[in-house]
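Dear colleague,

I am handing over the structure we spoke about, and my notes on it follow below. Please read them with the model open beside you.

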Amino acid sequence: MSALALEELSALTAIYCQPDECAVLAVSETDGITLRIQTSVKGLLDSDILLKLSFHLPVSYPSSLPNISINSEQLTRAQCKDVKERLLEQAKRHLSEPMVHELVLWIQQNIKHIIGQSETSICNEKSTLSRCINTEDGIWTILLHLDHMRAKAKYVKTVEKWTSDLRLTGRLMFMGNMILILLQGDRTGIKEYLILQKTSKVDVDSSGKKCKEKMISVLCETKVQTEHKRFQTFEVKEYSTLDELQKEFEAAGLTELFSEFVPALLK
């Protein structure tokens, strides 16, 4: 194990000196050093993300790259994988020099960009109207279907906050057991909403524990056409019959969208 690695370890424990910030898991002449750094970073819409970064520094470090693993309850497995890959790319630029602190600083500054890139294409392959377009000018409409809401009041409040922050309009619609979210806004705002919807602990499971939304499907994502009318606000509405729900779509010029996707949910 190199003197540089031991010096770096000493510096890291001094820099990350708050409780639980830095944990030295192993120090071995044959296996090297294993440590974990825990840091809080800001995600999309400045949401808090707690990252646990584990580094294994082999005996040949820093002449060889560290092994890195990423863990976070606020990120999906795919996002953690993306973060790890980007960190390893960055580590190659610091080969032969102590790099752990530099990598932690880099991820703190770049986490938003990495998360955004990992969710650039969200669509339903079965939908004939779905579009998988990363950047597109104009106003877009997206129709989402939720399987259930256990913590309804909290869930609704969260959706209202997200749509307000992202300047999205539309409807959160309840009809019997059916739950639909119809959103309109610029493509970036809709993309960020989908990321929040998929990565935030917005509901609770059957045991009452907070959980991420895993039962959501994108029914349709399409650019607003001239015959479509813009929603001016975001509202939460309940409907007694399918006819009432259909009239809401018709009023927005979305009759075709309703006919193609909504009745099939009742079968």
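I begin with Q184, which is found in strand β7, residues 178-186 (helices, H or I, of at least four residues and strands, E, of at least two are DSSP runs, numbered from the N terminus). Q184 counts as buried because its relative accessibility is 0%, where buried means under 20% relative accessible area, exposed over 50%, and partly exposed in between, with a 1.4 Å probe and protein chains only. Its side chain makes a polar contact of 3.2 Å with the side chain of T141, and a polar atom of the Q184 side chain lies 2.9 Å from the backbone nitrogen of F231. A polar contact here is a pair of N or O atoms within 3.5 Å; within protein, one must be able to donate a hydrogen and the other to accept it, and residues adjacent in sequence count only if both atoms are side-chain atoms. Not counting residues up to four places away in sequence, Q184 touches several others, among them W140, L168, I190 and V224, a contact being heavy atoms within 4.5 Å.

Please keep in mind that this is a predicted model, in which local features need pLDDT of at least 70 and side-chain atom pairs count only at pLDDT 80 or more, while totals for chains, interfaces and linings use all residues. Residues are numbered from 1 along each chain as its sequence is written, and side-chain values use heavy atoms, with hydrogens and water left out. The mean pLDDT (the predictor's confidence in each residue, from 0 to 100) is 84, and 89% of the residues reach 70 or more. I would ask for care with residues 120-136, over which pLDDT stays under 50.

As for the protein as a whole, it has 7 helices and 11 strands, and 44% of its 267 residues count as buried.

R171, in strand β6 (residues 169-175), is also buried, with a relative accessible area of 9%. The side chains of R171 and E248 are joined by a polar contact of 3.4 Å, and, leaving aside neighbours within four places in sequence, R171 is in contact with residues including L180, F231, T233 and Y239.

Turning to charged pairs, the count comes to 9 salt bridges, each being a side-chain nitrogen of Lys or Arg within 4 Å of a carboxyl oxygen of Asp or Glu. One of them joins K201 and E73, whose closest N and O atoms are 3.1 Å apart. K201 lies in the loop between α5 (187-199) and β8 (203-204) and E73 in the loop between β4 (67-71) and α2 (77-92), so this pair ties together parts that are 128 residues apart in sequence. Another salt bridge is formed by the side chains of E238 and K152 (3.0 Å, N to O). That pair links distant parts of the chain, with E238 in strand β11 (residues 234-238) and K152 in helix α4 (residues 152-165), 86 residues apart. The side chains of K161 and D165 also meet in a salt bridge, at 2.7 Å from N to O; both residues lie in helix α4, 4 residues apart, about one turn of the helix.
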